[in-house]
Amino acid sequence: MKKLSIVLTFFATVALVGCGSSNDYTPPADASGERIFSTACTECHKPLKGDVAMILSEKMANKDALKNKFQNGSMRMPAFPNIQGEAADRLVDYLLANSEVK
C-alpha cells in the first residue's frame with residue numbers, strides 16, 4: 001500500500017508540474033507566428049504533420065480563447081505573459097491557419 005501511495009504521489013506531482021508556472025520567453029519584434037510557435041510551444045506541442053500545428057477544440061478555435069490560454073496558462077500549461085500585441089496576433093493567426101478543429 002505504501003508503494004502505491006508513493007507512485008500515485010509521483011504521478012500527481014509530474015502531472016501538475018506546469019501548474020502556476022510562467023515562461024519568460026519574449027519573441028523578437030519581427031518573429032513570425034510560426035517562429036514563435038516553434039520556439040515557445042513545440043517543447044510540449046509537437047506539430048502533428050507538416051501543415052498541422054495542433055488540434056483545437058471548437059471552444060479554443062478563436063483568437064480570444066487562444067490568447068487567454070497562452071498568456072495565462074492552465075493547470076498543465078505554463079503562461080507566456082510576454083507574448084503580447086502584434087506577436088500574440090501573429091501566433092494566433094498561425095495557429096488558426098495551421099490547426100485542425102475537432
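## Exercises: helix packing and pockets

In this predicted model, the axes of H3 and H4 come within 10 Å and cross at roughly 115°.

**Exercise 1. Describe the contact of H3 with H4: which residues meet, and what is the hand of the crossing?**

Step 1. Start with the hand. H3 and H4 make a right-handed crossing.

Step 2. List the H3 side. Lys63, Leu66, Lys67, Phe70 and Gln71 take part.

Step 3. List the H4 side. Here the partners are Ala88, Asp89, Leu91, Val92, Asp93, Leu95 and Leu96.

Step 4. Sort by class. The contact of H3 with H4 holds seven nonpolar, one polar and four charged residues.

**Exercise 2. Decide how H2 is oriented to H4: roughly parallel or roughly perpendicular?**

Step 1. Find the geometry. H2 covers residues 33-41, and its axis comes within 7 Å of the H4 axis. The two axes cross at roughly 90°.

Step 2. Apply the cut-off. Angles of 65 to 115 degrees count as roughly perpendicular. Therefore H2 is roughly perpendicular to H4.

Step 3. Name the residues. Gly33, Glu34, Ile36 and Phe37 in H2 touch Ala87, Arg90, Leu91, Tyr94 and Leu95 in H4.

Step 4. Sort them. Six are nonpolar, one is polar and two are charged.

**Exercise 3. Find the largest pocket and say which elements line it.**

Step 1. Take the volume. The largest pocket has about 260 Å³.

Step 2. Look at its centre. The pocket has 13 lining residues, and the closest to the centre are His45, Met54, Leu56, Met60 and Lys69.

Step 3. Assign elements. Strand E1 (54-56), helix H3 (63-72) and helix H4 (85-97) each give at least two residues to the lining.

Step 4. Sort the lining. There are 10 nonpolar residues, two polar and one charged.

**Exercise 4. Which residues line the second largest pocket?**

Step 1. Take the volume. The second largest pocket holds about 180 Å³ of space.

Step 2. Walk along the chain. The lining includes Asn23, Tyr25, Thr39, Ala40, Cys41 and Glu43. Cys44, His45, Arg76, Met77, Pro78 and Phe80 also belong to the lining.

Step 3. Sort by class. Seven are nonpolar, three polar and two charged.

How values were computed. Residues are numbered from 1 along each chain as its sequence is written. This is a predicted model: local features need pLDDT of at least 70, side-chain atom pairs count only at pLDDT 80 or more; totals for chains, interfaces and linings use all residues. Side-chain values use heavy atoms; hydrogens and water are left out. On a 1 Å grid over the protein atoms alone, a cavity is a set of points where a 1.4 Å probe fits but cannot get out, and a pocket is an open set with protein on both sides within 12 Å along at least five of seven lines; lining residues have an atom within 4 Å of a point. Grid points are joined across faces, edges and corners, and a volume is the space filled by probe spheres set on the points. Helices (H or I, at least four residues) and strands (E, at least two) are DSSP runs, numbered from the N terminus. Ala, Val, Leu, Ile, Met, Phe, Trp, Tyr, Cys and Pro count as nonpolar, Asp, Glu, Lys and Arg as charged, and the others, Gly among them, as polar. Axes are lines fitted to C-alpha atoms, for helices over the stretch in contact, and angles run from 0 to 180 degrees between N-to-C directions. Angles under 35 degrees count as roughly parallel, over 145 as roughly antiparallel, 65 to 115 as roughly perpendicular and the rest as oblique. Contact means heavy atoms within 4.5 Å. A crossing is left-handed if the near helix is turned anticlockwise from the far one by less than a right angle, and right-handed if clockwise.
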